[in-house]
Amino acid sequence: MVDLGSNSVRLVIFEGLGRNPQAIFNEKAVLGLGRGLQSTGRLNEEAIAQILLVLDRYHAVARAMRADPLEVVATAAVRDASNGPEFVAALQARMPGVPIRILAGETEAELSADGVLLGFPGADGILGDLGGGSLELVRLEAGRASRAASLPLGVIRLAERANGDVVRARAIAEQELGRTPWLAEGAGRDLYLVGGAWRAMARMHIAQTGYPLAIVHHYVLRREEARDMAGVVMAASRRTLERMAGAPQKRLGDLPFAAVALRRLLRATGAGRVVFSANGLREGWYARMLPPGIRGEEPLLAASQELAWRWGRDPGLPPALLDWTDPVFADQDSIQRALREAACWVSDIGSHDHPEYRAEQAFLRVLRQHGVGLDHHARAFLALVAALRYEAEPNAPYLAPTRVLLDVPTIRRAESLGAALRLAYTLCGGTPALLAGTTLRRDGSRLVLRLAAGTGVFAGESVLRRVEALGATLGLEAVVEVARG
């Protein structure tokens with residue numbers, strides 16, 4: 001699809017129709033189509049010529065990659081400009097047969113909500129999608145979108161309405177947001193932020209704080225952290241912004257007004273946290289093409305299964321591993337069990353890598369995967385389990401992010417699960433048939449590994465060493481029993 005916004009135009013081509021959208025082509029041009037719209041009522045004539053040229057390229061790329069369906073989706077600038085129809089006609093002449101859809105404000109908000117809910121299925125709070133021309137707002141209630149509104153508070157439009165004055169922009173934003181009283185329902189809940197300018201602020205915060213994972217999606221700030229960040233950006237001169245780590249040169253002029261919108265939105269909603277989403281309108285467009293069965297899949301499990309199908313050996317083993325580890329981890333809550341199930345799916349993804357690098361490759365592959373439903377905690381936990389399953393050294397430098405992203409009890413759970421999976425693979429060689437000849441259980445203060453004679457498994461030195469290591473992580477005495485005949 002082509003996302004034709006007030007500030008930028010972007011072509012995104014997705015591969016297939018899986019639960020986790022996989023963009024295999026993503027190119028953006030920041031051209032400011034909506035600059036000057038507030039004063040002239042017209043699209044930026046200089047940008048029009050550039051955009052038509054860029055869209056010639058996008059059309060050629062899409063045809064070469066056999067993208068189907070292909071659609072141009074236009075937002076605030078095109079729908080509000082007096083010369084919008086003329087521009088669309090020129091565009092249609094250059095892209096014959098390609099649908100061009102001009103979204104109403106509430107439709108734009110609903111698509112953004114669909115995209116966010118693809119990554120946050122149980123989202124509850126307020127969604128804000130900040131573009132160049134408008135700010136879309138949606139009330140999310142336990143994974144469902146209810147009320148929606150579109151306000152003329154995009155970064156370009158807000159700057160022009162305020163004549164570049166940040167103080168005046170604050171008053172404008174406060175007045176506009178005051179016309180949407182249901183925003184107050186976000187008190188104490190999450191504020192989900194979508195849009196390039198807000199993502200740029202998140203990247204700056206990540207760079208300046210030394211946060212160990214450069215992934216904006218699911219990046220979380222407490223209310224006061226977000227408020228302080230916005231305050232710094234609002235007060236900074238352009239020269240100061242240029243010197244800030246992670247600051248995007250093409251968005252420097254927009255950042256103070258994005259910060260104004262964030263501060264006023266925090267005040268209007270009373271949100272307790274800010275959660276950044278890389279998903280938005282484009283992913284919402286994609287989500288609406290998914291069959292209901294796929295769209296309804298649990299995203300953590302779907303992402304883990306995708307990794308297993310791509311990099312693992314036997315898709316029948318992960319369910320067997322989950323059953324095999326159940327008796328040892330029976331006290332886990334539903335969230336911990338879901339993470340264990342996902343860990344079983346990713347536990348064999350290093351099988352095709354060089355033996356010396358399996359642990360590190362598995363760790364990085366999981367930590368940096370594209371799965372839209374994985375928060376940073378889940379990424380770190382699954383990556384650590386995968387590395388430990390391949391006998392990573394606990395103090396290996398590449399494991400450092402887990403010491404920041406996980407607390408000590410969670411690290412201990414990862415160590416126990418990693419040790420259990422390492423033992424399982426030692427016993428079964430990655431095959432469900434051999435695993436079926438073994439059981440693992442707690443028996444009071446003992447960890448009992450039971451082996452069935454004649455099934456191809458036996459208590460060799462490596463098995464004894466690994467069952468003892470697992471017992472040590474659980475604080476249990478390890479015992480091996482052999483069942484005969």
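User: What is the handedness of the crossing in which H15 passes H20?

Analyst: In this predicted model, helix H15 (residues 317–325) packs against H20 at an angle of about 120 degrees, and the axes are 11 Å apart. Angles from 65 to 115 degrees count as roughly perpendicular and those over 145 as roughly antiparallel, and H15 and H20 are therefore oblique to each other. The crossing in which H15 passes H20 is right-handed.

User: How many nonpolar residues does the contact of H15 with H20 have?

Analyst: On the H15 side the contact is made by Leu-317, Leu-321, Trp-324 and Thr-325, while H20 contributes residues including Ala-420, Leu-421 and Tyr-425. Sorted by class, the contact of H15 with H20 has one polar residue and no charged residues, and the number of nonpolar residues is 10.

User: Which residues of H20 does H16 meet?

Analyst: The axes of helix H16 (residues 334–346) and helix H20 (residues 408–428) come within 11 Å and cross at roughly 40 degrees, and the two helices are therefore oblique to each other. The residues of this contact divide into four nonpolar, one polar and two charged. From H16 come Gln-336, Arg-340, Ala-343 and Cys-344, and the residues they meet in H20 are Arg-413, Leu-417 and Leu-421.

User: Which strands stand at the edges of the open sheet?

Analyst: The open sheet is formed by six strands in the order S8-S7-S6-S9-S11-S10, with mixed pairing. A strand at an edge has a single partner strand, so one side of it is left without a neighbour in the sheet, and this applies to S8 (144–151) and S10 (220–222).

User: Which residue in S7 is the bridge partner of Ile-126?

Analyst: Strands of a sheet pair through backbone hydrogen bonds, either parallel or antiparallel. Here strand S6 (residues 125–130) and strand S7 (residues 135–141) run antiparallel and are joined by six bridges. Within this pairing, the bridge partner of Ile-126 in S7 is Arg-139.

User: At about what angle to S6 does helix H8 run?

Analyst: Helix H8 (residues 196–209) lies across several strands, among them S6, S7 and strand S9 (190–194). Its direction relative to S6 is given by an angle of about 105 degrees.

User: Which residue takes a positive phi in the hairpin of S12 and S13?

Analyst: Strand S12 (residues 438–443) pairs with strand S13 (residues 446–452) in the antiparallel sense over six bridges, and Thr-438 has Leu-451 as its bridge partner in S13. The hairpin has two residues between the strands, and the residue with a positive phi, near 65 degrees, is Gly-444.

Definitions and conventions. Residues numbered from 1 in each chain as written. Predicted model: local features only at pLDDT ≥ 70, side-chain atom pairs only at ≥ 80, totals over all residues. Heavy atoms only, no water. Pairing = 2+ DSSP bridges. Helix = DSSP H or I, 4+ residues; strand = E, 2+ residues; numbered from the N terminus. Contact = heavy atoms within 4.5 Å. Axes fitted to C-alpha atoms, helices over the stretch in contact; angles between N-to-C directions. Parallel < 35°, antiparallel > 145°, perpendicular 65-115°, else oblique. Nonpolar A, V, L, I, M, F, W, Y, C, P; charged D, E, K, R; others polar. Left-handed = near helix turned anticlockwise from the far one by under 90°.
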